[in-house]
Amino acid sequence: MNLEFFAISLLNGISYGLLLFMLSSGLTLIFSMMGVLNFAHTSFYMLGAYIAYTLSGLVGFWVALFVAPLLVGALGAAFERYALRRVHQFGHVPELLVTFGLSYLILELVQLVWGRSTVPYGLPTQLQGPLFTLYGTQFPKSRSFVMLVALLMLLSVWLLLTRTRIGLVIQAALKHPDMVEALGHNVPRVFMLVFGGGCALAGLAGVIGGNTYVTEPAMAASVGSIIFVVVVVGGMGSLAGAFLASLLIGVLQTFAVALDYSLAHALRAVGMAVTEQTFGWPLLKLTVSQVAPILPYLLLVLILIFRPKGLLGTRED
């Protein structure tokens, strides 16, 4: 493994990992504050990309970057107010079912409005081309922009929750809702804003992820399962855990996809004697890149076996 391959793969992995964090952070906040596991979370990510695509053609990308997440957040808040809140009293299963149904509803609406094929949601001119060249390989501005926005978002959320009155009210409403309500705060409204804020973060990820990668109806399903892996591996409800797990999975998959070595070659490299007579030889002939898609799920299984609460989680339910 040469230095060029390592440096570029590491940067690409961090970029992908930070996009995963932008997606998982909203889901983590909603779960940690409200105890709701939102199955429609990646659907709001898809909505952010499609709304930004439409707004970019009308008012430009930079306006869409701010407006699209707000619109997605408003839709999420409306869903919590008029649908999720009504089933909250019946427990977790109805909540899961109503968010699961919402994901299919959003998918059908997206296909009705924008069609079933990929839309031409391109990068603005300011984000096109390379930002710098490292060992002869160009690193694109778009991926650098994803990294910058994700880090700014992490800093903003942390400051909001720990350094502002709103953040203190949100955290207090989670632990002592009756006391917060007695002090004159509207707890249901706080939860509505938290849910809307989490959806807005997903929408923001869609705005910058849609043109960096691809905007199509299948984009929600393509990242849906991996986001839940991130949340569980990091620790249910832990924002720091989601950040660590996102980077870990992003770097792991990026390096694995780029490696053409077979599993047998990898085992031989660590000193194991592997031949064609070895049990499971057809499996060992697979390359690391071929098994890369299942590595996050393998990590999930190991975490659930050896550390059920996740890397930085504090709850095991």
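Predicted model: local features only at pLDDT ≥ 70, side-chain atom pairs only at ≥ 80, totals over all residues.
Residues are numbered from 1 along each chain as its sequence is written, and side-chain values rest on heavy atoms, with hydrogens and water left out.

The secondary structure of the protein amounts to 14 helices and two strands, where helices (H or I, at least four residues) and strands (E, at least two) are DSSP runs numbered from the N terminus. Of its 317 residues, 46% count as buried; buried means under 20% relative accessible area, exposed means over 50%, and partly exposed lies in between, with a 1.4 Å probe and protein chains only. Among the contacts in the protein with a separation of 6 or more, 76% come from residues 24 or more positions apart, a contact being heavy atoms within 4.5 Å.

Two packed helices are described by the angle between their axes and the distance between the axes. Here the axes are lines fitted to C-alpha atoms, for helices over the stretch in contact, and the angles run from 0 to 180 degrees between N-to-C directions. Helix α1 (residues 3-34) packs with helix α5 (residues 141-163) at an angle of about 30°, their axes being 8 Å apart. The two helices α1 and α5 are therefore roughly parallel to each other, given that angles under 35 degrees count as roughly parallel, over 145 as roughly antiparallel, 65 to 115 as roughly perpendicular and the rest as oblique. The crossing of α1 and α5 is left-handed, a term used if the near helix is turned anticlockwise from the far one by less than a right angle, with right-handed used if the turn is clockwise. Residues making this contact include L11, L18, F21 and M33 of α1, together with R143, V149, L154 and L161 of α5. By class, the contact of α1 with α5 has 17 nonpolar, three polar and one charged residues, where Ala, Val, Leu, Ile, Met, Phe, Trp, Tyr, Cys and Pro count as nonpolar, Asp, Glu, Lys and Arg as charged, and the others, Gly among them, as polar.

Helix α1 also holds Y16. Leaving aside neighbours within four places in sequence, Y16 is in contact with Y213, G250, Q253 and T254; of these partners, T254 is 238 residues from Y16 in sequence, while the C-alpha atoms of the pair are 8.1 Å apart in space.

On the α2 side the contact involves T42, S43, Y45, M46, A49 and Y50, which meet M219, A220, V223, G224 and I227 in α9. The residues of this contact of α2 with α9 divide into eight nonpolar, three polar and no charged.

Helix α9, which spans residues 219-234, also contains V229, and at 2% relative accessibility V229 counts as buried. Apart from neighbours within four places in sequence, V229 is in contact with I249, P296, Y297 and L300. V229 and A242, 13 residues apart in sequence, have their C-alpha atoms 9.6 Å apart.

By class, the contact of α3 with α8 has 18 nonpolar, five polar and four charged residues.

Helix α6 (residues 165-175) is the place of V169, which counts as buried at 15% relative accessibility. Not counting residues up to four places away in sequence, V169 touches V180, H185 and V190; V180 is 11 residues from V169 along the chain, and their C-alpha atoms are separated by 7.4 Å.

Side chains of opposite charge can pair when their charged atoms come close. A search of the whole structure finds one salt bridge, defined as a side-chain nitrogen of Lys or Arg within 4 Å of a carboxyl oxygen of Asp or Glu. This salt bridge links E80 with R85, the closest N and O atoms being 3.2 Å apart. E80 is buried, with a relative accessible area of 4%, whereas R85 is partly exposed, with a relative accessible area of 27%.
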